[in-house]
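Welcome! Let's take a friendly look at a few parts of this protein model, one topic at a time.

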Amino acid sequence: MSVSAYSKALQKLTDKQNKSFIISQFDLVGNNDAVSALQPYLTDNELADPAARALSKINTAASNAALLAALTKASGTARLFIIEALGDVRLKDAAKPINALANNGDAALAKTAMYALAQIADPSSEPVLAAAAAKAGFKYEKTNATGAYLIYAEQLLKNGNKVLVQKIANNLIAKAKSADLVNVRTNALQLLVATSVARQQVLLTAAGDANKQYRDAALRYALPYLTPATTALWVKKMATVNDSTKTDILYMLGQSTQTKAALPAILNLAKSKDLNLKTYAINAAVNIGQEQVLGDLIKLMATANSDEMELITTSISRMKGAGVATKIAAAIPTAKENVQVALLDILDSRAAVMQYNTVYTQLKSKNPRTRHAAYTALSHVSAPDNTPALFTLLNEATEEESAVQDALVSVLNISGDANQKVDMVLQQMAAAPEAKKPLYYKMLSAIGGPKALKAVTDGYAAGNDQTKAAAVNALVVWPNGGASSALIKIAKETKDADLQSTTISAYLGSVKQNTTQTAEQRLLKLREAMSAAQAVDQKKQILRDIEQAKCYNSILFAGRYLDDADLQATAANTVINIAIAGTYDGEIVKGLLSKASQYVAGSKAAVQKAAVTKYIAAMKAGEGFVKVFNGTDLTGWKGLVADPLKRGKMDAKTLGEAQAKADAAAKESWKVVNGELVFQSHGDNLATIKKYRDIEMLVDWKIIDDKKGQGDAGIYLRGSPQVQIWDLARTNVGAQVGSGGLYNNQTNPSKPLLVADNKLDEWNTFRILMKGDRVTVWLNGQLVTDNVMLENYWDRKQPIFPEEQIELQAHGSPVAYRDIYIKELPAEKPFELSKDEKKEGYKVLFDGTNMFSWTGNTVDYIIDSAANLAINPKPGKGSGVTCILKKSSAILYSDLNLSLPLVLTMAWVYAHR
């Protein structure tokens, strides 16, 4: 049906481009029925190409006959397409007429004709193609005569005509002698090898050719035909050629498993004074004989120079065989010193744990180099069973202590319970001589963990200079950055500039290596380093590292150093690079960018300044974040008076008196220390003077460890508790769930999604978003509370207050805050009924600010940016539980027909009954 339809379409079309497209479809659906439709186009220079290709795809007797018939009728490009198609279908009957065209003076016609003849591979074409290749000088030129001749031979070989192929191959090998025709000769050699009954002689002769490329080809072709019988011929050949050719033959022999008969001759060549020939001989011997030649190579070591020793050592190291290590170990006691060293190195490289005793014995050798090699090998030949002996050796050793440590580290890193390994090391350390105890820190650092860390840090605190140095060396290599807190503590406390530089550098390295931490967490770590750093270069490095902590807090922190003459250029780059990589708003960022652009320098300064100007122009309008704690005093803050409900009932005088009293108490309970707002463990909450609606808040906090184990604090939003802050150790009250949850919620989620807290005495950072009655919290950059309704703790019968103060909770334990910023967000004014609507009995079920009157699926149902109650379920999860009115509302809707996604406006919710 398709053929018929396309054939009819061809008759109706006049545009040749459209005809060409239709003809091309016969490539897919064509059959004998299409031949008559395609045949007329074979003489059309514009359409012969698709027509000939389609007929070649059909490839039946009828289609091939049509192509052959058209050959005498067509001319120009049409004839070329027909010849090519006849070659593609390999039509034998076409060979004779195409033979006549191959010597035509037209280069394009000759090239196409020879292509077709090569594909057809009819014996009658051999003289034609041979003459053309000879005329071309057997070079590759525009008619590709030589290439066609070789393809022709390959096709003949596929057809089984070995006699003619041999004739062609011998012809090419004999005549294509010049160096620039080596590719032709190598192709011909491959054909000759495939067809000749005397292929070994052919290959042996070719292997002695003056042209290296031709020799290499001969050896490649010889490899598949190597047998124990033919190996003898190649050994004999090696005796007659120069060293360069010997190496080539050695390489070939070494690639086969059939050439063991050549080993005596190869091992004899391994004694050569020529290092290159020796190298090829030894590599071939190992490849072929493996363990069988080990004894011969060990004997060669006795007279080897340094280069030869390295060659033999490397070769033995890769040798296969179950008995290799045993034979090496057996040779060590009686070997010369340099050979002992080499053999020990081999046991080391092979991790020959079964030869531990041999290595251990050599630790007492009288030869210093042998002893050193034995100590070096310990780390790779030791096993857990050797641990007691290694501890004894560590306590007794007067040299090479670090090698014994490495051996112990190696065995301790083998799988096993980490706590048990730490206990074992500590037990051994307790029994060790006092001067040896610091050596155990290296093993503890390899195991890691809190118990090991405490032992090392305690040793540092109580030890002498030697002990301190050993402890620091262990801490700087502690796995997974686990000693970062200890390192920064040392950096802050030490007065030794070198020690401080070492510990800060190690600390920065551990921060950089932790690629999974959030930007906020990375910044907290880097701020700790900055608080300890004294050298300008270190401070610059910290500012550069902060570029990898791209967040708002980082811009603020780096911006502090724009007034430091030594650091302002580095700080400027950090501020600009972080800001431009993200989307930030507000006057603070705008001011820092403007200031930073004054201090950039270098070849990119103009580009950076232009980028800053463009960025500032595109910034969203608005004040953005505002600093609400100035780092100096309690400006903007006040003491806590009762709760929002009680305050609301006070008259102005009563409230004023109570506030004055609370403010005085707050000054005693809350102190500004080094720019931090610190609760003194007694007194009440500290509140903002200003009241807030919808906000985004940034605040750093830390629980100060007073050793009482009662750490507890929080952030009150709209005067209500609270975004929780915990000491995780307080498991008796459920603190192990972590900080950042809405602790006082009873109906909605109260626990955080995960634990993201840092340790006591370490800073944490909250990002808190409150829109309407919903709260989202990120702790140290990790989402811990996700769009959860905050309940009204003071009166659970009403929604959260639309506007109230922010409070820092006082709960009896010391806590510090810093860098408190608040951004006020556009907030919807609560919808209110008119007096008439109230008289008619209407009730507000949704006022655009909270979902207090609703229960059920309050996760997918949200208040959108237009203050609508909306649901847009996650793909594949449906809508989940329905969001419905609470029973207390006493309103039923029996006639609703709702579809998703659903949006209920404030007006709809109160107007429909």
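Lys-436 counts as buried because its relative accessibility is 10%, where buried means under 20% relative accessible area, exposed over 50% and partly exposed in between (1.4 Å probe, protein chains only). This is a predicted model, in which local features need pLDDT of at least 70, side-chain atom pairs count only at pLDDT 80 or more, and totals for chains, interfaces and linings use all residues. Residues are numbered from 1 along each chain as its sequence is written, and side-chain values use heavy atoms, with hydrogens and water left out.

**Around Lys-436**
- You will find Lys-436 in the loop between helix H27 (418-431) and helix H28 (441-447); helices (H or I, at least four residues) and strands (E, at least two) are DSSP runs, numbered from the N terminus.
- Leaving aside neighbours within four places in sequence, Lys-436 is in contact with Leu-394, Asn-395, Ala-397 and Glu-401, contact meaning heavy atoms within 4.5 Å.

**Strand S13 and its partners**
- Nine of the 10 residues of strand S13 (residues 815-824) are buried, so S13 is largely enclosed by the rest of the structure.
- Strand S1 (residues 625-627) pairs with S13 in the antiparallel sense over three bridges; two strands pair if DSSP finds at least two bridges between them.
- In S13, Tyr-821 is the residue opposite Lys-627.
- Strand S4 (residues 676-679) also pairs with S13 in the antiparallel sense, over three bridges, and Val-678 stands opposite Ala-816 in S13.
- Strand S6 (residues 695-703) and S13 form an antiparallel pair over eight bridges, with Glu-696 opposite Lys-823 in S13.
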